[in-house]
Amino acid sequence: MRRFEDMNPLCAAFYYLCVLGLTMFGMNPLTLSLSLLSSILSAVLFGAVKGRGHAFSLILFLIAALINPLIVHNGMTVLFYFNDNPITLEAVLYGLTAAGMITASLYWLRCLSKVMTSDKVLYIFGRFSPKLALLLSMSLRFIELLRVRWRKIQDTQKALGLYRDGNLIDALRGRARVLSVLIGWTLENGIVTAESMEGRGYGSGRRTSYSAYRMHLSDWLFLPVCAGLTAVAVVGQVRSTVVFYPDMQMELWNLWGILGAAAFAVLGTLPLIINAKEALRWRGLLSKV
Amino acid sequence: MARLTLEGLSFTYPDAKAPALCDVDLQIEGGEFLTLMGATGSGKSTLLRLLKPELRQNGTLSGRVLLDGKDIGGLTARESASAVGFVAQNPEEQIVTDKVWHELAFTLESLGARRELIARRIAEIAAFFDIEPWLDRETATLSGGQKQLLNLAAVMTADPEVLILDEPTAQLDPIAASRFIDTLHRLNRETGLTVIISEHRAEELIPISDRLLILEEGRLAFCDTPKKAASALKDTAYLRFLTASARIFAGTDGAGEAPLSVREGQAYVNGLTVKEIQTAEKTAEQKASALSLKNVYFRYERRGADVLSDLDLEVKEGEIFALLGRNGAGKSTMAAVAAGLRRAYSGSVRVFSKRLKDYTNGSLYQGVLSLLPQDTENVFLRETVREELCGCEKAEERLPFDFKPLYDRHPFDLSGGERQLAALCKALSTNPRLLILDEPSKGLDGNMKALLCGVLKGLKREGVTILMISHDVEFAALCADRCALFSQGRIAAADETETFLFENRFYTTAASRITRQKTRGGYTVERAVKLLGGAGC
């Protein structure tokens, strides 16, 4: 079963590049509301954002939406005065649109980090530079290693009575010592890693980069579909008029605008469509088992 | 033609007075399984490293190493990387990448192999080493035994002709170690791989070795089959490198073919008569409690599983208490909870009848309790041993070991045993009444273990209570008063060492397994020899 998450990482990378680009570079309320909706849907179905994350996004959305009308007073339609400053309809709508853009982008980015695991990032880098891929893989390992070691050294020194006085200066001095041991230990052990690498042929010539991912037919099909939908959505955005200040001029519902929005709707829900299709197919296959 | 030929191999480190390796001649046939033994500093690592050109260190080398008749120094980087595989001691540091599959791919990636070959080799190796279930896991989440198995598997992906291992199981618990050695044996038996291993674990290795090599000060002191070793080494100090069966055989003046395995040892011992020796009546005295844990529960994460659950432990003042159990069972966690580094979410921990939280402002760690962790590297904070032990003069006098010659060395340059003793010295500097030691015998050779055992007994006489966490049953048998088995987050059974080792069938010493059908107290080789009528050994 090839769900969206199981497809070739290049597909996922290209896909999120497209949706993020469309979301971030167009201030089109129509596509942005579609983007927000589909990104939330995606995030929920991929399990990328959970309860507290949604609350955080909501707060962020409200703040972003409120700030614009409070500091920008452009616009023809004055709604009311706040501290003798005019609050205009245009600024409110612009704020809402911008907040939608920021929130949608964040939701897409969360989906991206959920779907793009370290293996996949590595695969993409490995295609361009095997050395860079190795560097990345080693760094990822090191972060975890350093975290564990820091804790170990800290505990050891505490139990051996490093922190005597219990004041801030003593604590800071202790931490500095621990950091120096951490670095010393890491460098010392780095020699063993280096020997292990050399013993296993590192630096003996050109490296290759292995990955378990392959390009399937569905991956090859996915890329042009994704590109086509993006192109239509771009044309739709270019052909529609979006002006906020000084008074709003929106022309969203012409032929290209509608086509573009439709293309974006499909694009935004593409992973969900793929997964739904796969789930259906799986049901059919299950009856044969 | 021999697979590996060593011709007059000598090696001297820069600035060293004596050579580390002196005129070693050796022929190793293809498919041989060789075990290399010797005390720390006898040149084992030096010899093994000379067989792998990438790992040779600076120094003066004379003599030659021939692989299938060709000088090993003349191989190209790629040839040599794939012809000779090397596994070192530390499981953690040899791993390069973050994912298990990537680690397996690393060797072949470096050698520039095709994608298809890498994919096939990974599949093949993963199946042979049974690591398929954790192929997608992160290397940081593996246990020590799994890490070392992964290191071996990763080296084997290059399909080497000769495999060299430098104390690969020194850091592993006994179960993981025998699994590792079993895998090695299988590789040797099923693929005809030539294996050269340096290791202290005689019980598992000697019965499967074709030849046993003993190095002494850079010279080959012994090189023959293990069967011949028992009689040839009878009255020498090298006897300690052999299995318990062979040592009991030599100690009781056995004749004929020496037994090597536990089974052979049992057959031999059954033909002997047991001497009755009077043991001093034990006086059951009520001693105060030094450390007591009652109904302790602990977990690392809210949603995680309990690491300690309903744990009860009582260590009496002035005893050496050994807590045994497999790695990852939660023994070290228990030590951290007992030492106040982690807080139990339920239950009580008392040190000298005082609750942990009543020791305020770190007073617990000043004169009451000291905890020495497994990785002694993180004990040291300074550049030289002198600075490190500054302020520990009193503690230094308590240890029967002279640190003065080591004063100008960097703590990381000490051998495992020296480092352990220096760390112990630091732990004693706060003058603790309760000492908690986590795996004190890890990676030590027999001599060092005996020395450490003497140190611990000396501290006990001075009134220090010692709680020792270990997977090394043989070491616990040497020095512990009481032993307990840790399992499922609690103490499964605590008892006097003699009863504990006699009643256990698996978690006991080799000597106890050999003699348990005949006698009760023969849980170390020395005791067994005494009981079975030997002159002593």
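A helix crossing is called left-handed if the near helix is turned anticlockwise from the far one by less than a right angle, and right-handed if clockwise. In chain B of this predicted model, helix 14 passes helix 15 in a right-handed crossing; helices here are DSSP runs of H or I with at least four residues, and strands are E runs of at least two, numbered from the N terminus.

On the helix 14 side, the contact (heavy atoms within 4.5 Å) uses B:Gly417, B:Glu418, B:Leu421, B:Leu424 and B:Leu428, and helix 15 brings in B:Met448, B:Leu451, B:Leu452, B:Val455 and B:Leu459.

Zooming out, chain B comes to 19 helices and 20 strands. Its C-alpha trace spans about 70 × 55 × 45 Å along the principal axes. Of the 537 residues, 57% count as buried, meaning under 20% relative accessible area with a 1.4 Å probe, protein chains only. Among contacts between residues at least 6 apart in sequence, 67% join residues at least 24 apart.

As for bookkeeping, residues are numbered from 1 along each chain as written, while chains are lettered from A and ligands numbered from 1 in the order written. Local features need pLDDT of at least 70, side-chain atom pairs count only at pLDDT 80 or more, totals for chains, interfaces and linings use all residues, and side-chain values use heavy atoms, leaving out hydrogens and water.

Conventions. Buried < 20%, exposed > 50% of the residue type's maximum accessible area, 1.4 Å probe, protein only.
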